[in-house]
Amino acid sequence: MSQEIPYKIYLNENEIPKQWYNVRADMKNKPAPLLKPGTHEPLKVEDLEPIFCTELAKQELDDTTPYFDIPDEIKGFYKMYRPSPVVRAYCLEKALGTPAHIYYKFEGNNTSGSHKLNSAIAQAYYAKQQGLKGVTTETGAGQWGTALSMACAYFGLDCKVYMVKVSYEQKPFRREVMRTYGASVTPSPSMDTDIGRKINEEFPGTTGSLGCAISEAVEVAVKNPGYRYVLGSVLGQVLLHQSIIGLEAKAALDKYNVKPDIIIGCAGGGSNLGGLISPFVGQMLRGEEKYRIIAVEPASCPSLTRGKYVYDFCDTGKVTPLAKMYTLGSGYIPAPNHAGGLRYHGMSSIVSQLYDDGYLEATSVKQTDVFEAAEMFARTEGILPAPESSHAIRVAIDEAMKCKETGEEKNILFGLTGTGYFDLVAYQKYNDGQMEDYIPTDEEIAASLAKCPKI
Ligand SMILES: *Cc1c(COP(=O)(O)O)cnc(C)c1O
């Protein structure tokens, strides 16, 4: 049987999905609505329009439309780097000696090196349609900023990126890629914005966080006519665009009648995980199929496994709407020795609600274990994985090893979200034996959670 399955399952170009799937439409318990920070009223499209492009604001608040047509220009762009392959990890299986069948959906085959381009191109498209001059955003590890720079270059939009200071310093080459595509890149917190100056005053010498960078990018968008803010993860619209990952993966596996028993994704803000699992969870929600789904997060930023499911701000500066999500508190900043991305304090409210309803499990892993898995994957499957993706690799390997004990031939599917060519400072630390794990104490998490708004 297994010999029939090729190393890489590609769809044909005309089999790329023509619609995105909005999993919220099938959820009985909808994600809790976004609230206005001042009054705590549910947000309407008009409230979001000063911040987001109008079409994206509509997608953000749409809980009921199951499918959205992908506009022709986006479909055309997708064809430059999609479909992405589902790869059968024969070499990894062999090295592990496992009877499990391991598959991964590889999203790293584009210059941004990650799945983020799937949403970046959509968001840039709607900004262009609206006749805007440009967009502002934050970036952590740099993949989102790179993806957005590429998308903005394609549509001739200006792109202002606020990059978390620690990454700006650790990853100078990421910055150059973004500048090559025409973006401006500012380390955050900066002295250019009110909120940046305030954060710098309150936390002198801070290395920044995604939450700070979001506050700065929102401020710049709101203050500059013709600009809107775009976000690379967490939001409902981003999960909608990322559903292309899961739709393609499902179509590819269906060709060979493979049903995944376990689906694994790394979870930062939840967009790749949400996108990968959407069509599968849709089946679960409609009572058609069952899958075991595992979200993997870093032990140093464990929002699902150790956070609370409450309303919180999406940013450190508390300028964004309130979202109900698993959160560590909007002031939470992971320890500076945390190497990979996945450093956001909260989690997509869709993923949060699905988790709360028991449709998925969550687990956290230490970064030294993550890099051990990354190294094994690189040596067997040949791809140098992003540290973020390697969280999923770690758990895929662990699950495959459990199959070795029980002799079960389970099908394991995981999301290989990107490549790690810009993460070599972290790889260097690991190779030199200098990587340390930092796990926050209960007291640290409790202190950060105590600052969540009371709603
Ligand atoms: C951004 C990123 C992630 C995490 O973001 P999610 O929104 O949780 O998917 C994971 N892997 C890579 C390669 C990324 O660039």
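I began with Val-234, which sits in the loop between strand 9 (227–229) and helix 11 (236–255). The model is a predicted one. I looked up the backbone of Val-234 and found a positive phi of about 65 degrees, although Val-234 is not a glycine. Most residues other than glycine have a negative phi. Is Val-234 buried or exposed? Its relative accessibility is 11%, so I wrote it down as buried.

**Entry: the other end of helix 11**

I then went to Asn-257, in the loop between helix 11 and strand 10 (262–266). Asn-257 is not a glycine, yet it has a positive phi of about 55 degrees. Asn-257 has 72% relative accessibility, so it counts as exposed. My note on the pair: Val-234 is buried, whereas Asn-257 is exposed.

**Entry: cis peptide bonds**

Next I checked peptide bonds. Most peptide bonds are trans. Which residues does a cis bond with omega of about -5 degrees join? I found Arg-82 and Pro-83. Pro-83 belongs to the loop between helix 3 (72–81) and strand 4 (86–88). I also noted a cis bond between Ser-188 and Pro-189, with omega of about 5 degrees. I placed Pro-189 in the loop between strand 8 (184–188) and helix 9 (194–202).

What does Ile-195 touch, leaving aside its neighbours within four places in sequence? I listed Ser-215, Glu-216, Glu-219, Gly-317 and Val-319. I also looked up a distance to Ala-217. Ile-195 and Ala-217 are 22 residues apart in sequence, and their C-alpha atoms are 9.8 Å apart in space.

**Entry: helix 14**

How many of the eight residues of helix 14 (residues 349–356) are buried? I got seven, so helix 14 is largely enclosed by the rest of the structure. The buried ones are Ser-349, Ile-350, Val-351, Ser-352, Gln-353, Leu-354 and Tyr-355. Then I looked for what covers them. The cover includes helix 11, helix 12 and helix 13 (303–306). It also includes strand 12 (308–313), strand 13 (322–327) and strand 14 (361–365).

**Entry: helix 15 and its partners**

I took helix 15 (residues 367–381) with helix 16 (residues 387–406). Their axes come within 8 Å and cross at roughly 85 degrees. Angles of 65 to 115 degrees count as roughly perpendicular, so I put helix 15 and helix 16 down as roughly perpendicular to each other. On the helix 15 side, the contact residues include Val-370, Phe-371, Ala-374 and Phe-377. On the helix 16 side, they include Pro-387, His-391, Ile-393 and Ile-397. By class, I noted nine nonpolar, two polar and three charged residues in this contact.

Helix 15 uses Thr-368, Phe-371, Glu-372, Ala-374 and Glu-375 here. Helix 17 brings Ala-426, Tyr-427, Tyr-430 and Asn-431. This contact has five nonpolar, two polar and two charged residues.

**Entry: empty space**

Rolling a probe the size of a water molecule over the atoms shows where empty space is left. I looked up the largest pocket. About 510 Å³ of space lies in it. Which of its 20 lining residues are closest to the centre? I wrote down Phe-203, Thr-316, Gly-331, Tyr-332 and Lys-451. Helix 9 and helix 18 (442–449) each supply at least two lining residues. The lining of the pocket divides into nine nonpolar, six polar and five charged residues.

I noted eight of 30 Å³ or more. The largest cavity has a volume of about 410 Å³. It is lined by 31 residues, and the closest to its centre are Lys-116, Leu-210, Ser-233, Gly-269 and Leu-342. Strand 6 (134–139), helix 6 (143–155), helix 10 (210–223), helix 12 (271–285) and helix 16 each give two or more residues to this lining. By class, the lining of the largest cavity has ten nonpolar, 17 polar and four charged residues.

How values were computed: Residues numbered from 1 in each chain as written. Predicted model: local features only at pLDDT ≥ 70, side-chain atom pairs only at ≥ 80, totals over all residues. Heavy atoms only, no water. Helix = DSSP H or I, 4+ residues; strand = E, 2+ residues; numbered from the N terminus. Buried < 20%, exposed > 50% of the residue type's maximum accessible area, 1.4 Å probe, protein only. Axes fitted to C-alpha atoms, helices over the stretch in contact; angles between N-to-C directions. Parallel < 35°, antiparallel > 145°, perpendicular 65-115°, else oblique. Contact = heavy atoms within 4.5 Å. Nonpolar A, V, L, I, M, F, W, Y, C, P; charged D, E, K, R; others polar. 1 Å grid on protein atoms, 1.4 Å probe; cavity = no way out; pocket = protein on both sides within 12 Å on 5 of 7 lines; lining within 4 Å. Points joined across faces, edges and corners; volume = space filled by probe spheres on them.
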